[in-house]
Amino acid sequence: MSGKAYERFNIHHRIQHIMMFVSFFICTFTGIAIKYDQSSYARGFTRLLGGFENLLALHLVGAAIMLIGSCLYHLVYLLVYALVTRKLSFEALPTLKDFQDLYQNLKYFLGLSPEKPKFTRFSYKEKFDYWAVFWGIFIIGGSGLMMWFPDVAAKFFPRYIIDAARAAHSDEAILAIVVIFTWHFFNVHFNPDFFPGSLVWFHGKLTEEQMEEEHPMELKKLLKVKGREG
């Protein structure tokens, strides 16, 4: 990376994201084989792994990485960061500006306005990704734990709740896969501005030109702070 760079994601953010996408792919490939167990893909993939028991074990490994290596790590990080720095950030919360940015982006895409929306630290697209994961983990993780530990679940929930959790786990997973492979992949890989993909997840930095293009309001704020400091 040449020129001046701004840190967008620190090492903790990057490790959490790597844990998330590694576990996502593991759970996707194994979960599809479990859900559609009569398909040729499922039969071939299960045979490749040496049988259904290995397939299920790999799915549970992916689930453990997702729940512990990514989600629990993220929540603990947020808590420790707030306690150590005594700072609270609300920049990932949805605001009225996100809806205004979405409206402005639609006008730009339709050729009704020459100007793109000016994003702050997080655009509405990034906030959607972030909160969709929160919602998805609540459904997929909670229902997955009920199936992983059925004896424990049976002590606290009636049978129809456990059956509903099984259906919710499967359907929410398919929804998550569709969203990731369309919405998220377009925004970070297939978008002509980033194709074949941004490496910010790896090194955590954006150039000043990228900041001006993608997060001009955040860049303006950083430059203003830097100006005050010296």
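Tutor: What follows is a set of questions about labels and the values behind them, for a model that is predicted.

Student: Why is the contact between glutamate 91 and lysine 221 called a salt bridge?

Tutor: The closest N and O atoms of glutamate 91 and lysine 221 are 2.9 Å apart, and because the rule asks for a Lys or Arg side-chain nitrogen within 4 Å of a carboxyl oxygen of Asp or Glu, the pair meets the rule. Glutamate 91 lies in the loop between H3 and helix H4 (96-109), while lysine 221 lies in helix H10 (residues 216-229), so the pair ties together parts that are 130 residues apart in sequence.

Student: What makes glutamate 91 and lysine 221 partly exposed?

Tutor: Buried means under 20% relative accessible area and exposed means over 50%; glutamate 91, with a relative accessible area of 29%, is therefore partly exposed. Lysine 221, at 40% relative accessibility, is likewise counted as partly exposed.

Student: Which residues are linked with Glu91 and Lys221 in a network of salt bridges?

Tutor: Arg121 and Glu218 are linked with Glu91 and Lys221 in that network. By this rule the count of salt bridges comes to nine.

Student: What do domain 1 and domain 2 bury between them?

Tutor: Domain 1 (1-89) and domain 2 (92-197) bury about 1400 Å² between them, with 71% of it on carbon and sulfur atoms. Arg8, Phe24 and Leu67 supply 34% of the area that domain 1 buries against domain 2, more than any other three residues. Across this interface the rule finds one salt bridge. Separately, the side chains of glutamate 126 and arginine 8 meet in a salt bridge at 3.2 Å, N to O.

Student: Which residues make up the largest nonpolar core?

Tutor: The largest nonpolar core consists of eight residues, namely Met20, Phe24, Cys27, Ala63, Met66, Cys71, Ile137 and Ile177. Helix H1 (11-35) and helix H3 (52-85) each supply at least two residues of this core. Another core, of five residues, lies apart from it, with Tyr6, Val200, Met211 and Leu219 among them.

Student: Where does UniProt place the feature "transmembrane region"?

Tutor: The UniProt record, an unreviewed entry, places this feature at residues 18-36, 56-84, 128-149 and 173-190. In the model, residues 56-84 are 100% helix and 0% strand, with the end C-alpha atoms 40 Å apart, and residues 173-190 are also 100% helix and 0% strand, with the end C-alpha atoms 22 Å apart.

Methods:
Residues numbered from 1 in each chain as written. Predicted model: local features only at pLDDT ≥ 70, side-chain atom pairs only at ≥ 80, totals over all residues. Heavy atoms only, no water. Core = buried A, V, L, I, M, F, W, Y, C linked by side-chain atoms within 4.5 Å. Buried < 20%, exposed > 50% of the residue type's maximum accessible area, 1.4 Å probe, protein only. Helix = DSSP H or I, 4+ residues; strand = E, 2+ residues; numbered from the N terminus. UniProt positions renumbered as here; feature names shortened; annotations may be inferred. Domains from an automatic or database assignment. Buried area = accessible area lost by both parts, 1.4 Å probe.
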